[in-house]
Amino acid sequence: MKKQSPKKKGQNKMEDVIFFVIFMALFAGVFSFLGYLGYKKTKTAEDYYVAGRKMGALVIAFSYGATFISAVALIGFSGIASIYGHALLWLAFLNVFIGILIAFIFYGFRTRKMGLSLKALTLPEMLGNRFNSTKLQAVSGIIIAVFMIAYTSAVFLAVSSLFQVSFGIPYEICVIVFTIIVGIYLVVGGLYAVMWTHAVQGVLMLAGMLILTIGIYSMLGGVGPAHEAAAALTPEILEGIGSPAATQAPNGLTSMPPVLSAPFMMLLTLIFGVGIGVLAQPQLIVRYLSAKSEKALRRAIPYGGIFILLMTFTAFSIGPLCNVLMVNNGLTYPGTPDKVVPLIVSELFPQWFVFLFLFAVLAAAMSTASALFHTAGASLGRDVYEKGMKKGGSEKKSLQITRIATLVIVGVTLIISLNPPDVVAIMCAFFFGLMACTFLAPYTFMLYWKKTSRAGAWAGMLGGFIFTMFWYALIYFKTAPQIIGSSLTDNYVINMLDPLFIALPLSIVLTIVFSLLIKQDKEEQKLMAKAFENI
């Protein structure tokens, strides 16, 4: 197969920097303008937190998808697929089937109706209003805010790989500029600005990933030849370029690894941790609350499904094929999976596409970061301060506190991103699973089981959260060595098992048992009836 011509490092560096500055200025200008429009529309707390509950189907779909698909997915999971192969495509299936179909049909419609009945603007507020507990709301808000800061720092780290490989532009400068842009349009414009910018960012992400995928398949002669070439890579060939796939894809890049092998357990964690965890993500749940009607939510399902399918299928398909391109072009594996796609883009694609892909990844990072900042700020400002500490207050004061809390979170995230401790970078990769173990059981029973009590919600939430944190601290092979030196067990079937497989069933059982043992009081019964009045 004909080799590409890898570009020489250092070519036209000054031109690259000038183009980068121009594009960043355009980025800042467009999103600042959308932030201003959001500011003009934001008059009440409902406007700031849920965009006045006025969003239509297309904006909801793009905002949900752009929040869900971050730079971690485009850069990180493409790199992970280069190690474990096309088996990771099962995650793309779960992202669409569970993340869109199950999420919207079984959770979205009921969440919107119950949120309207309870006058709730966040997931913690839904829990607090449903079970008559401001403490439950406040504790939920603290958990969400703390771990969202960690997850957002991972989004920043994913972007750094592309900057460093493609341009050599200092990571610190990029992160500071990036944070300022996101912070301005978010704090000023609220969810209106966030969701409008998501629509723009989603289009850019889609264009970048589609062109990248078409380009890679074209270089390899089409879909069939590309996959045949990937399947033909032996462990010896992969070892020759330094690819971890030599040992982590024992049955080849186009096949599942042996059941219960170490690579199989890793795939199990990645596929189900994210695939199931999506159902309980606070930053996604608020999208249901922003819908102007049930019809808008229903129409968002096909739009969102197509967007998520295209984004995840392309990202997970091209990862293994990058090994073929490295072999064909005399490139070596870049050391970490996060740098695989940036290496291919910077070496084998024309300069105009390097810029397009750079800003597609920037768009992915900005869309997710803004959603996380917004949700974390609402958790601290509304759920912890206003409802948990002050027990109410004026809407104007609520918005002021939330904006201040959001700025604090943006600042803390920036500090962590500039000096990222390893344990934070690792823990945030499991954010989806942690949210599922903590909130999915009480959230689901709140929507469907009228006998769910305050005690059951507390037990399910804290039980799932505490077990998950202990598992990560003491057992899980990625995190335990960072915290206590080594895992308590050397059995990889156990120490590679995602806590979701134990913590989620435990949280479900605790929610049911404590709801039956400690039943609802009269006030809870009144709120339950109100919650289900439109369902």
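1. Domain bounds here come from an automatic or database domain assignment, and for the protein chain of this predicted model that assignment gives domain 1 as residues 13-420 and domain 2 as residues 430-535. Taken over C-alpha atoms, the centres of domain 1 and domain 2 are separated by 24 Å, and the contact between the two draws on 46 residues from domain 1 and 48 residues from domain 2.

2. The size of an interface is often given as the accessible area lost when the parts come together. For domain 1 and domain 2 the buried area is about 4,300 Å², with 76% of it on carbon and sulfur atoms. On the side of domain 1, Arg-110, Arg-130 and Phe-131 together account for 17% of the area buried against domain 2, which is more than any other three residues supply.

3. As for polar interactions, the count of salt bridges between domain 1 and domain 2 is 0, whereas 11 residue pairs, both members at pLDDT 80 or more, are found in polar contact across the interface of the two domains.

4. The elements that give two or more residues to the side of domain 1 touching domain 2 are α5 (89-118), α6 (123-130), α7 (134-166), α12 (262-277) and α13 (282-289); of these, α12 gives the most, with 10 residues. Sorted by class, the side of domain 1 that touches domain 2 comprises 30 nonpolar, 12 polar and 4 charged residues, a listing to be read beside the 76% of buried area that lies on carbon and sulfur atoms.

How values were computed
Residues numbered from 1 in each chain as written. Predicted model: local features only at pLDDT ≥ 70, side-chain atom pairs only at ≥ 80, totals over all residues. Heavy atoms only, no water. Contact = heavy atoms within 4.5 Å. Buried area = accessible area lost by both parts, 1.4 Å probe. Salt bridge = Lys/Arg side-chain N within 4 Å of Asp/Glu carboxyl O. Polar contact = N/O pair within 3.5 Å; in protein donor to acceptor, adjacent residues only side chain to side chain. Helix = DSSP H or I, 4+ residues; strand = E, 2+ residues; numbered from the N terminus. Nonpolar A, V, L, I, M, F, W, Y, C, P; charged D, E, K, R; others polar.
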